[in-house]
Amino acid sequence: MAEYVEIVKDLQNGKYAPVYFLQGDEPFFIDNILSHIEKNALDETQKSFNQYVLYGKDVSFTDILNVARKYPMMGERQVVLIKEAQDIKDWKKEDAQTMLCAYLENPLPSTILVFGHKYKSLDKRTKVAKVLTKNAVFLDSKKIYDDKVPGWVSSYAKASGANISDKAIMILTENIGNNLQRLANELDKLKLNVPDGQQIDDKAVEKYVGISKDYNAFELQKAISLRDEVKAVKIINYFAANPSSNPLILIIANLYAYFSKLLVLHHQNAYEKGAAARAIGVNPFFAGEYIMAAKNYPIHVVVRNIEMIHHADLQSKGIGYGPMKEGDILRELIFKLMH
């Protein structure tokens, strides 16, 4: 199975395969490869003749293969992109699968056939999945774990030639989560607006992304870890006044992830910076905050707080609780977490 980085490296070097099958839960990697091939495999003069963009809900395997078997017009190759391939109705039809497998085993060298099969994965036990794995450049695009997101942001910024501070990374990831497409969009925006050679810092994030450097999920976690109730109240009041920019569901998810990390520290007795950073997958620069929080919140309190966060999540969805405004749910939750 080809990895995303290897595929992109080959594409950047102009090396294309006859068939690509891109599947999985994380759409960012799938869309990125599709977009790269769509933009770069043919020059602009060739695209009108030799590039086809088809959508799964509109086509059958017969339609796709009829196009794939065509020879390019006045060029060396043609590109056939199947977007939303998970919507092709033929996936469960045995005769259609047999027809697809026959092509995959002997693809036309002058065609680049790309399937973007998002949010779903084929059953690996099926014949078509086995043939695709063997005969196509195959990507299984998985969601990356939350603790790996800061590293991904750092790598993405570096690849684009941007220099971003650790605090800016934490503010972005704690407020946006693991939505890689949105993170990439915001990093691209920051790269365009921050002068070359100047570091992207928390002030730039506030100015160009709209995440306050003082009132954000990262600062809320810091206030909770230090038991700074005054600061925590200021932040949640800001969130309550700006609910569209600070959705309760994301704040609850961030708090759950935060206390889950404290639980890991306690279970592993990781109270030294290096050990803590490795245990919970954070930059050692921020490990001290988590160690302090672990001291302020013993393991039995952490377990209790995770349960309270779960109750707040149910409450926000109206499950088993009377109606409450989001701001009131958040205020009540923060009070309980800190007392």
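Let me begin in strand 5, where the bridge partner of Gly24 is Ser141; helices (H or I, at least four residues) and strands (E, at least two) are here DSSP runs, numbered from the N terminus. Please keep in mind that this is a predicted model, in which local features need pLDDT of at least 70 and side-chain atom pairs count only at pLDDT 80 or more, while totals for chains, interfaces and linings use all residues. Residues are numbered from 1 along each chain as its sequence is written, and side-chain values use heavy atoms, with hydrogens and water left out.

The Gly24 bridge belongs to strand 1, which pairs with strand 5 (residues 137-141) in the parallel sense over five bridges, where pairing requires that DSSP finds at least two bridges between two strands. Strand 1 also pairs with strand 4 (residues 111-118), again in the parallel sense, over six bridges; within that pairing Tyr20 has Val114 as its bridge partner, and Gln23 stands opposite His117. Strand 4 is in turn joined to strand 3 (residues 78-83) by five bridges, the two running parallel, and here Ile82 is partnered by Phe115.

As for burial, six of the six residues of strand 1 (residues 19-24) are buried, so this strand is largely enclosed by the rest of the structure; buried means under 20% relative accessible area, exposed over 50%, and partly exposed in between, with a 1.4 Å probe and protein chains only. Val19, Phe21 and Gln23 point one way from strand 1, while Tyr20, Leu22 and Gly24 point the other way. Strand 4 has eight of its eight residues buried and is therefore largely enclosed as well, with Thr111, Leu113, Phe115 and His117 on one side and Ile112, Val114, Gly116 and Lys118 on the other.

Let me turn to the aromatic rings. Rings of Phe, Tyr and Trp (its six-membered ring) pair if their centres lie within 6.5 Å, and planes under 30 degrees apart count as stacked, over 60 as edge-to-face and the rest as tilted. By this rule the count comes to 17 aromatic pairs. In one of them, Phe28 and Trp152, the ring centres are 5.3 Å apart and the planes stand at 90°, so the pair is edge-to-face. Because Phe28 lies in helix 2 (residues 27-40) and Trp152 in helix 7 (residues 149-159), this pair ties together parts that are 124 residues apart in sequence. Both Phe28 and Trp152 are buried, and together with Tyr4, Phe29 and Tyr156 they form one aromatic cluster.

That brings me to the largest pocket, whose volume is about 830 Å³. On a 1 Å grid over the protein atoms alone, a pocket is an open set of points where a 1.4 Å probe fits, with protein on both sides within 12 Å along at least five of seven lines, and lining residues have an atom within 4 Å of a point. Of the 28 residues that line the largest pocket, Tyr4, Val8, Phe28, Asn32 and Tyr156 are the closest to its centre. Which element gives the largest share of this lining? Helix 2 does, with seven residues.

The second largest pocket has a volume of about 450 Å³, and of its 20 lining residues the closest to the centre are Asp146, Asp147, Ala253, Ala257 and Lys261. Here the largest share, eight residues, comes from helix 13.

How values were computed. Points joined across faces, edges and corners; volume = space filled by probe spheres on them.
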